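Subject: Structure handover and findings

Hello,

Here is the structure for you to take over. Please load it first, then read on for what turned up in it.

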Amino acid sequence: ARAGNMRRRDAALASGAQAQEGERSDAPPLLPYKVILVGDSTMAPHSGWGGAFCANHVKSSVACLNTGRGGRSTRSYRQEGGWDIVLAEAAVLGYRETYVLIQFGHNDQSTKPERWTDEKTEFPANLRRFVEEVRAKGAIPVLVTPLTRREFKDGKLKNTLASWSDQVRAVAKALDVPLVDLNALSAAQVQEMGAEMATQLAQEAPTAEELAAARAGTTLTARPAPPAPPPIEGDGPRGQVTSKFDYTHLGSIGAQVTARLVTQGLARVAPGLRSQLVR
C-alpha cells in the first residue's frame, strides 16, 4: 500500500510539474538564421573553405549547411539533383533569414561533357536561374566569384578564372545580387604571398622540385591525384578522403585563410547577417 501511495504521489508531482511548465511563456521564440553553401571542391569539406567557414565564422544561432561537392559545375550540380536538395533546404520555414552562397567556375571550364558550360552563354544563364529560383523560395542568394588558382609564371599569378569571374560579376550587377568577390580577394592575397608561400595553402606539402620552382617564381604543372586507398573493412567509419598537392584545393591552413576572406566579404554585402558572422 505504501509503495502504491508513493507511486501516486510521484505521478501527481510529475503531472503538476508538466502543467506548470506548459503554462510558462518566458522563453522567447527561436528565430535562427540559415546559410547554405553551394559550389564545387574549392568549397566542399576536406578540400575547400566551406568547412572552416561553418565551423569558425558563424554563431550558434546560424544553421550552416555545406553542400559543396567536388567536380561539380553549374550544369552537373543541377542535373544530378543537388540543386533540388538546396531549394528544398532554402524553403524550410522557421528561420529569420536564409542565405544561399553560390560559387562555381572551376569545373565549368572542364572539357568533360557532363561538366563544361559555355562561358559567355550557358554559365551566366545557369547563374541567373539559380538566383531566380532561390528568390522564389523566399531566400537570399549571394553570388561568389571562383577562388583563384595559385599558378605563377615569372613571379606573377596566372588568374585563369578572371574572365569567368567577370561573368559572375555581371549577373550580380544585372540582378542586384550581393556579391562576394572571392576571386579578386584571393588573387590579391596569393599574389602578395608569392608562389613559394602560397604552397602552404595546399592540402599536402610540395615536393622539393615543386617548392624550388615556386621559389623561382614559376609553378610546375600540377601532378595527378594519387590513387584511391584500398577499402576499409570492419564496423567503424569507412569513408576516406584522398588529399594531394596542387594549386587549386585547400588544406587546413588554406581553408582557414580563405574562409576568413569569405566572411569579411560577406559581412560587407549582407548587412542583415553581420551580427551572426565571427571574424
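How much space lies in the second largest pocket? About 170 Å³. Keep in mind throughout that this is a predicted model.

**Pockets**

The second largest pocket is lined by R260, T263, Q264, A267, R274, L277, V278 and R279. By class, that lining holds three nonpolar, two polar and three charged residues.

The largest pocket has a volume of about 740 Å³. It is lined by 29 residues. Closest to the centre of the largest pocket are S41, N107, K244, D246 and H249. The class count for this lining is seven nonpolar, 15 polar and seven charged residues.

**Enclosed space**

Rolling a probe the size of a water molecule over the atoms shows where empty space is left.

How many cavities of 30 Å³ or more does a search of the whole structure find? The search finds one. The largest cavity has a volume of about 40 Å³. Its lining consists of L147, T148, R150, S186, Q189, V190, L201, L250 and T258. Helix α7 (residues 182-198) supplies the largest share of that lining, with three residues. By class, the cavity lining has four nonpolar, four polar and one charged residues.

**The sheet**

There is an open sheet of five strands. The strand order is β2-β1-β3-β4-β7, and the pairing is parallel. Which strands sit at the edges? They are β2 (62-66) and β7 (179-180), each of which pairs on one side only.

Strand β3 (residues 97-103) has partners on both sides in that order, β1 and β4. β1 and β3 run parallel and are joined by seven bridges. In that pairing, K34 stands opposite T98 in β3. On the other flank, β3 pairs with β4 (residues 140-144) in the parallel sense over four bridges. Across from V100 is P141 in β4. L101 stands opposite V142, also in β4.

Is β3 mostly covered or mostly open? Mostly covered: six of its seven residues are buried. In a regular strand the side chains alternate between the two faces of the sheet.

**W83**

W83 belongs to helix α4 (residues 82-90). Its relative accessible area is 0%, so W83 is buried. Leaving out residues up to four places away in sequence, W83 touches V38, Y77, R78, I102, F130, E133 and V134.

**E210**

E210 is in helix α8 (residues 208-216). Why does E210 count as buried? Its relative accessibility is 5%, and buried means under 20%.

E210 is a charged residue with polar partners. Its side chain makes a polar contact with the side chain of R223, at 2.7 Å. A polar atom of the E210 side chain also lies 2.8 Å from the backbone nitrogen of T207. Not counting residues up to four places away in sequence, E210 touches L220, R223, F245 and Y247.

H46 has a phi near 75 degrees, a positive value in a residue other than glycine. H46 counts as exposed because its relative accessibility is 58%, and the cut-off for exposed is over 50%.

D176 also has a positive phi, of about 55 degrees, although it is not a glycine. D176 lies in the loop between α6 (162-175) and β7. With 65% relative accessibility, D176 counts as exposed too.

**Where to look**

For a quick tour, start at the largest pocket around S41, N107, K244, D246 and H249. Finish at W83 in helix α4.

Best wishes

Key:
Residues are numbered from 1 along each chain as its sequence is written. This is a predicted model: local features need pLDDT of at least 70, side-chain atom pairs count only at pLDDT 80 or more; totals for chains, interfaces and linings use all residues. Side-chain values use heavy atoms; hydrogens and water are left out. Helices (H or I, at least four residues) and strands (E, at least two) are DSSP runs, numbered from the N terminus. Buried means under 20% relative accessible area, exposed over 50%, partly exposed in between (1.4 Å probe, protein chains only). A polar contact is a pair of N or O atoms within 3.5 Å; within protein, one must be able to donate a hydrogen and the other to accept it, and residues adjacent in sequence count only if both atoms are side-chain atoms. Contact means heavy atoms within 4.5 Å. On a 1 Å grid over the protein atoms alone, a cavity is a set of points where a 1.4 Å probe fits but cannot get out, and a pocket is an open set with protein on both sides within 12 Å along at least five of seven lines; lining residues have an atom within 4 Å of a point. Grid points are joined across faces, edges and corners, and a volume is the space filled by probe spheres set on the points. Ala, Val, Leu, Ile, Met, Phe, Trp, Tyr, Cys and Pro count as nonpolar, Asp, Glu, Lys and Arg as charged, and the others, Gly among them, as polar. Two strands pair if DSSP finds at least two bridges between them.
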